[in-house]
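Trainee: Could you walk me through reading strands, sheets and cores in a model? I would like to take one feature at a time.

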Amino acid sequence: MKTDIQIAQEASMLHIQDVAAKYGIAQDDLELYGKYKAKLSDTLIQKTKSNKDGKLILVTAINPTPAGEGKTTTSIGLAQAFGRLGKKCLLALREPSLGPCFGIKGGAAGGGYAQVVPMEDLNLHFTGDFHAITSANNLLAALLDNHIQQGNALRIDTRQVVWKRCMDMNDRSLRNIVVGLGSKTDGFVREDHFVITVATEIMAILCLASDMADLKKRLGEIIVAYNYDGEPVTAGQLQAVGAMAALLKDAMQPNLIQTLEHTGAIVHGGPFANIAHGCNSIRATKAALKIADYVITEAGFGADLGAEKFFDIKCRKAGLKPDAVVLVATVRALKYNGGVPKAELAAENLDALAKGICNLEKHIENLQKYGVPIVVTLNSFLTDTPAEYEYIRRFCETHGCEFALSKVWEQGGEGGIALAEKVLQTLEEKPSHYRPLYPDEMPLKDKIHTVATQIYGADGVAYTPAAEKMLAKLTELGFGSLPVCIAKTQYSLSDDQHKLGRPTGFTVTVRDVYVSAGAGFVVVLTGAIMTMPGLSKSPAAYGIDVDEDGKITGLF
């Protein structure tokens with residue numbers, strides 16, 4: 001059986017100009033990065049603004065397990081199936097982070113015969129967007145420390161610096177560091193921290209900004225520290241905005257690549273959903289909606305994280321109104337939730353399936369709260385059995401959801417036709433009545449409580465003294481009307497990754513809170529979630545190599 005990278009490397013790609021031409025995009029509207037990658041010009045985005053919007057379809061999933069779910073694979077295969085049915089469809093996806101690529105999760109180009117290509121480029125440096133974000137973030141950090149060194153005219157309290165440096169790699173050693181050691185000219189000694197690039201506010205801002213003017217406004221509102229009077233100090237006060245915007249100028253433009261079947265894919269931005277808002281850029285999604293009749297996008301990890309933030313942050317901020325949701329599960333993952341060890345998932349086990357399907361049930365109930373029609377799909381594995389499929393199909397239908405089987409990993413677009421037809425039928429017959437979970441005016445603690453109880457299924461929320469104090473301060477500073485971006489483990493509906501299925505009788509613990517004023521949301525840290533991941537004992541980096549001919553191996 002061929003690996004994902006072998007399939008991708010053997011693919012016959014069209015020149016990206018030919019892919020763009022299928023969507024009416026002229027050569028002059030592309031900025032080429034070689035033959036198979038391009039950025040969409042601002043001119044194209046402006047001249048398509050008056051076009052009618054296409055239909056927006058979100059792909060999300062149950063909580064991830066070691067058994068695999070295949071959300072991105074399903075998104076890509078579904079788009080290819082739309083193409084086979086003669087529909088004008090575009091993907092709107094996130095860019096992968098180097099951290100997972102060299103860590104444990106792997107890349108984010110899909111899998112099997114449902115991939116976007118060039119796969120190696122996408123999973124590595126791509127068009128440099130993440131490097132630009134990293135540079136802009138660290139420029140602000142350098143300007144902040146330089147301001148303190150050069151007299152500290154803004155009276156920054158070095159004990160209340162909240163801006164962190166970043167890099168797009170898993171490196172636990174940088175979570176907590178000390179800077180400024182050495183002589184007096186080497187800076188002011190203070191504790192500092194690193195986060196992974198995809199968890200930064202700059203990444204969130206890039207994905208939520210509508211244009212350059214909006215980007216600069218948001219950059220200027222970033223809170224980097226508090227002064228001795230407890231007042232916020234912003235990037236605008238540090239005179240950092242112009243230089244940061246210059247670094248981000250090209251990164252603001254969405255990227256166009258293709259699937260294995262030459263369907264267009266706009267891939268732009270990449271915040272994690274467990275520690276950020278988990279959606280691709282608004283610019284990319286809106287551009288795709290103006291260019292295609294159907295747009296398929298995805299939100300990271302399970303629906304309790306990515307989909308919640310898609311609905312409550314991205315759609316709220318951008319005025320988007322999604323038309324349908326595809327909820328991805330696998331027989332194997334549901335049996336894993338039912339207590340079956342990973343090594344035994346290949347065997348038919350209807351009892352474990354009946355026990356573990358409660359995880360799918362909770363995600364269905366959660367998505368129904370947003371008023372958007374749902375199609376459940378099973379990402380097919382060779383070890384699945386007809387009896388298992390039939391059990392899940394009946395379960396979905398009794399819970400008011402459409403159901404379709406997906407075989408896109410094995411068959412590409414052909415294996416997604418049944419799903420595509422079911423989605424098209426849903427779009428035709430079931431109107432969407434999208435609504436966010438909570439109103440803007442709801443107090444921050446009530447927003448957190450609403451998500452924790454209604455989406456996670458918690459009995460309530462407990463706060464550390466530090467979190468209580470910061471919530472009160474942020475409300476006093478005028479940030480109480482912002483949505484909440486809750487950072488939580490992706491492996492469980494609760495904030496404890498070991499609680500599988502549909503946990504009950506638990507309390508979510510909020511340990512810290514801070515505002516991303518430029519992005520426009522309040523970040524809530526729960527449980528043991530980290531904003532700088534670490535590498536495993538045997539990271540994926542061990543298996544990645546390049547031969548004498550420049551051919552990369554080991555990416556997945």
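Trainee: Let me start with a turn. In the hairpin of S14 and S15, which residue takes a positive phi?

Mentor: Happy to begin there, and keep in mind that this is a predicted model. For a hairpin, look at what lies between the two strands. Here the hairpin of S14 and S15 has four residues between the strands, and His262 takes a positive phi near 70°.

Trainee: What about S4 and S15: in which sense do they pair?

Mentor: That pairing is parallel, with three bridges between S15 and strand S4, residues 89-93. Val267 in S15 is the bridge partner of Leu93.

Trainee: Which residues of S15 point one way, which the other, and are they buried or exposed?

Mentor: Check the direction of each residue along the strand. In S15 (residues 264-267), Gly264 and Ile266 point one way, while Ala265 and Val267 point the other way; all are buried.

Trainee: Now for cores. Which residues touch the most other members of the largest nonpolar core?

Mentor: The general idea is that nonpolar side chains tend to be buried together in soluble globular proteins. In this model the largest nonpolar core has 135 residues, and Leu219, Ile222, Phe311, Leu360 and Ile392 touch the most other members. Helix H7 (residues 129-149) gives this core its largest share, eight residues. Follow Ile392 as an example: leaving aside neighbours within four places in sequence, its contacts are Val331, Leu334, Leu353, Ile357, Leu360, Leu378 and Phe403. There is also a second, separate core of 41 residues, with Ile7, Val59, Phe82 and Ala404 among them.

Trainee: Finally, in what order do the four strands of the open sheet run?

Mentor: The order is S20-S22-S23-S21, and the pairing is mixed. Strands S20 (460-463) and S21 (484-487) are the edges, each pairing on one side only. From one strand to the next, the twist averages 40°.

Trainee: How many bridges link S20 and S22?

Mentor: Four bridges, in the parallel sense, link S20 to strand S22, residues 507-516. Opposite Gly460 you will find Thr507 in S22.

Trainee: And which helix lies across S21 and S23?

Mentor: Helix H12 (residues 303-318) lies across S21 and strand S23 (521-526), and runs at about 170° to S21.

Notes
Residues numbered from 1 in each chain as written. Predicted model: local features only at pLDDT ≥ 70, side-chain atom pairs only at ≥ 80, totals over all residues. Heavy atoms only, no water. Buried < 20%, exposed > 50% of the residue type's maximum accessible area, 1.4 Å probe, protein only. Pairing = 2+ DSSP bridges. Core = buried A, V, L, I, M, F, W, Y, C linked by side-chain atoms within 4.5 Å. Contact = heavy atoms within 4.5 Å. Axes fitted to C-alpha atoms, helices over the stretch in contact; angles between N-to-C directions.
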